[in-house]
Amino acid sequence: MIVVEAKSFAQVAAMTSDCRRLLVAACAGCTAVCGVGGERQAEELADALRLHARLRGKVLETEVRGVTRQCEPEFVAEFAPAMGRAEAVLTLGCGVGAQFLAERYPNVPVLPGVNTRFAGGLTAPGVWEERCRLCGDCVLHLTGGICPRTRCAKGIMNGPCGGAAGGFCEVGGGSPCAWLLIWERLERLGRAGVLDEIGPPPDWSDAQAGPRRSGKGGGAE
Amino acid sequence: MNTDPRIISFCCYNCAYAAADLAGAMRVSYDPRVTIVGVPCTGAMEAVVVLGAFEEGADGVFVAGCLDGECHYKEGNLRARERVARLRERLSEVGLEPERLEMYQVSAAMGARFGEIAAEFVDRIKALPPSPLRRGAAVKGGMSR
Ligand code: SF4
Ligand code: SF4
């Protein structure tokens, strides 16, 4: 899923400071799972922003609305009545949701309430870890299901680099060396031989050539 | 200095509310400006309820739940404690003194302790200025909810 973090309250307060009627748009998808963008968090943030404004002698009215997913037009359409009343919208959806709002409601400023971080998964309660860089050219079949592009600090493709110490990457952060993990896993599977073949350098062109598109169940071109 | 503090206390029915009841039966007196609101479990008490109390002009809010390990819903009191800690940070971000919010833990048998808590908290709030949100028209809930 898409992992997001809340922006600091100070940032959000500054962003919304000249607004008098603010819509706080929650998303029940990934950002709600992150404990940041659900309706409950939106209500709390709206309350805090109102208190903040009042303590500074300003008047802020807030409205909180949530939809199932902000990254789909039908759901984004549900914001229409509230958008009509708002001077600006503070969205707790990810960057995709924020852009869908901006596209559909061109006259309402869209303010991001979260920082969209990465595609990851839960590794401990409340801890998400990046597992995929969305490169568009997946090599997991060659690497034992462990992504070197994401999990190797240098993103190298025919590793390891030789700098690991005690099983951990030499680049700080305390991550296990991805290439050691790949080696161990391939060996367990009896497939370590795939590493004998030197692969081509990663092709990032598809990852960087503007927005990518994909159809349901469809293959990449 | 606040001579007429308005204090809201959210008390769990299973312990703190019962303790407050016992305090009454024991003739332990505490400031009548502590308004007790019973809640089924402090763990179920949403952050917006606490912030709402401040928005309505409360000078102080205390949440009272069961002792560690004695919550009827296992960990509701621990969650409440975390939530209160987080909300205190939020209060200071917003511009209110974090001391205006506190979490206490008592058992149903601690009537006298409840009286002490109430007195302590009232003294603390009296030492602060009145809440700046107390006067003026309430800017309520929002455009439609
Ligand atoms: S190789 Fe590319 S698509 Fe596959 S997991 Fe790594 S970043 Fe994601
Ligand atoms: S130590 Fe391992 S994970 Fe770190 S950069 Fe080298 S190969 Fe990549």
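B:Arg27 sits in the chain B loop that joins helix H1 (16-25) to strand E2 (34-39). Helices (H or I, at least four residues) and strands (E, at least two) are DSSP runs, numbered from the N terminus. The phi of B:Arg27 is positive, near 60°, and the residue is not a glycine. B:Arg27 counts as exposed because its relative accessibility is 71%. Buried means under 20% relative accessible area, exposed over 50%, and partly exposed in between (1.4 Å probe, protein chains only).

This is a predicted model, in which local features need pLDDT of at least 70, side-chain atom pairs count only at pLDDT 80 or more, and totals for chains, interfaces and linings use all residues. Residues are numbered from 1 along each chain as its sequence is written, chains are lettered from A and ligands numbered from 1 in the order in which they are written, and side-chain values use heavy atoms, with hydrogens and water left out.

**Backbone in chain A**

A:Leu134 also has a positive phi, about 60°, without being a glycine. Its loop runs between strand E7 (127-132) and H7 of chain A. A:Leu134 is partly exposed because its relative accessibility is 43%. Further along, the peptide bond from A:Gly159 to A:Pro160 is cis, with omega near 0°. A:Pro160 belongs to the loop between helix H7 (148-151) and helix H8 (178-188).

**Chain B**

Chain B has four helices and four strands. Their order along the sequence is β-α-β-α-β-α-β-α. The radius of gyration, taken over C-alpha atoms, is 15 Å, which agrees with the value near 15 Å for a compact globule of 145 residues; the globule rule is 2.2 Å times the number of residues to the power 0.38. Buried residues are 46% of the chain. Contact means heavy atoms within 4.5 Å. Of the chain B contacts with a separation of 6 or more, 80% join residues 24 or more positions apart.

Helix H2 (residues 47-55) of chain B is mostly covered, with seven of its nine residues buried. Among them are B:Val50, B:Leu51 and B:Phe54. The cover includes helix H3 (39-55) of chain A, and strands E1 (7-12), E3 (60-65) and E4 (101-105) and helix H3 (76-94) of chain B. After H2(B) comes B:Gly57, with a positive phi near 105°.

**Pocket and cavity**

On a 1 Å grid over the protein atoms alone, a cavity is a set of points where a 1.4 Å probe fits but cannot get out; a pocket is an open set with protein on both sides within 12 Å along at least five of seven lines; lining residues have an atom within 4 Å of a point. Grid points are joined across faces, edges and corners, and a volume is the space filled by probe spheres set on the points.

The largest pocket has a volume of about 700 Å³. Of its 25 lining residues, the closest to the centre are A:Gly35, A:Gln41, A:Glu44, B:Arg86 and B:Arg90. H3(B) gives the largest share of the lining, seven residues.

The whole structure holds one cavity of 30 Å³ or more. The volume of the largest cavity is about 110 Å³. Its lining has 15 residues, and A:Cys152, A:Cys161, A:Cys169, A:Cys177 and A:Ala178 are the closest to its centre.
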